[in-house]
Every structure is written in structure tokens, then in C-alpha cells.
Amino acid sequence: MKTYNVAIASDHAGYRMKEFVAGYLLSKGYAVNDLGTHSDESVDYPVYAHALARIVAAGECDLAVSLCGSANGISMTLNKHPKVRAAICWCPEIAALARQHNDANVCSLPARFIDETQAAAILDAFFDAEFEGGRHQRRVEMIDL
């Protein structure tokens, strides 16, 4: 089993699921860098997305997980950063394809729309999948402006 150095971040809507995700990833043997938030008090998701994006873009983690209520806001913010490819993953099949075809380096979870069992299955699919390269490499290289 491959082990990863994983960074995670969420807003208040994703906080409780982030706590589950951190524990789940630790139980799989992954190193986890939790960038917050550290409670369910209202915060602004861009603060946490920008902090996570800086770590991802600098190569200070292998992969990352982001969470907010729908995964939309945090993903939009993350994807403003070069070298960051955040994919909204609501089922295992989408998570695997995000890695295989898009070389996603951030799994964005919609915390208000999935439960812990679904989150675990999505995370397993994301972390078990590998980028296929080939015809997908050219497309991935076209993403950053």
C-alpha cells in the first residue's frame, strides 16, 4: 500500500466531515497536515482554500482533500492557483476518474451531501487511482494559463 503526505482544509460546513477524513486517512497510514478550520464556527472558505493551494502548488504534500458544504466554493478558489487541480468528488467513480484522466491533486468533498461511508469510499477510490498519462497528459498540460 502506498502512503501519502496529505494536506486537508475545510470551512465550517465541512469541519465535522474533515475531522472524520483526517482520522480515516491517519488510520490508512497517511501523514495528515490539517490546515483548519478547527471548529464549526462560521469562516470564509477562501482563507482555507488559499492556504491549501499554496501547499499543493509548492509540492509540500502528495495529495490534498478539501471540504465545504457543496465543494463548489472551495474548489473554485483552489482552481485559481496554478498547479492545483481540485475535483469535486461525490462518488467513487468520479474520484477515480479525476485522478486517472485529470491528474487531480485535490479531492473536494461536498460535506453536506455525503455521509462518512460515502466519504471513505470516495477517498479510497481517489487515493488508489493513478494518473494514466498518455492522451490525458497533453490535456492536463493545457489547464494552467
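**Entry 1**

I began with the buried residues of α5 and looked up what covers them. The cover includes the strands β1 (5-10), β3 (63-68) and β5 (106-110). It also includes the helices α1 (15-27) and α4 (92-102). I note here that this is a predicted model.

Which residues of α5 are buried? I find Ala-119, Ala-120, Ile-122, Leu-123, Ala-125, Phe-126 and Phe-127.

Next I checked the helix itself. α5 covers residues 116-128, which makes 13 residues. From first C-alpha to last, α5 reaches 18 Å. That is close to the 18 Å expected at 1.5 Å a residue.

I then went to the N-terminal end of α5. Asp-115 caps that end. One of its side-chain oxygens lies 3.1 Å from the backbone nitrogen of Thr-117.

**Entry 1: α1 against α5**

I took up one of the covering elements, helix α1. Two packed helices are described by the angle between their axes and the distance between the axes. For α1 and α5 I read an angle of about 50°, with the axes 11 Å apart.

Then I listed who meets whom. From α1 come Met-17, Phe-20, Val-21, Tyr-24 and Leu-25. From α5 come Glu-116, Ala-119, Ala-120, Leu-123, Asp-124 and Phe-127. Ala-119, Ala-120, Leu-123 and Phe-127 are also among the buried residues of α5.

**Entry 2: Met-17**

I picked Met-17 from helix α1. Is Met-17 buried or exposed? Its relative accessibility is 9%, so it counts as buried, the cut-off being under 20%.

Leaving aside neighbours within four places in sequence, I find Met-17 in contact with Leu-67, Ala-111, Ile-114, Asp-115, Glu-116 and Ala-119. Asp-115 is the residue that caps α5. I also checked Met-17 against Val-47. They are 30 residues apart in sequence, and their C-alpha atoms are 18 Å apart in space.

**Entry 3: Ser-75**

Last, I turned to helix α3 (residues 72-78), where Ser-75 has its place. Ser-75 has a relative accessible area of 4%, so it is buried.

What does the side chain of Ser-75 make a polar contact with? The partner is the side chain of Ser-108, at 2.8 Å. Beyond neighbours within four places in sequence, Ser-75 is in contact with Ala-86, Ile-88 and Ser-108.

Conventions: Residues are numbered from 1 along each chain as its sequence is written. This is a predicted model: local features need pLDDT of at least 70, side-chain atom pairs count only at pLDDT 80 or more; totals for chains, interfaces and linings use all residues. Side-chain values use heavy atoms; hydrogens and water are left out. Helices (H or I, at least four residues) and strands (E, at least two) are DSSP runs, numbered from the N terminus. Buried means under 20% relative accessible area, exposed over 50%, partly exposed in between (1.4 Å probe, protein chains only). A polar contact is a pair of N or O atoms within 3.5 Å; within protein, one must be able to donate a hydrogen and the other to accept it, and residues adjacent in sequence count only if both atoms are side-chain atoms. Contact means heavy atoms within 4.5 Å. The expected span of a helix is 1.5 Å times one less than its number of residues. Axes are lines fitted to C-alpha atoms, for helices over the stretch in contact, and angles run from 0 to 180 degrees between N-to-C directions.
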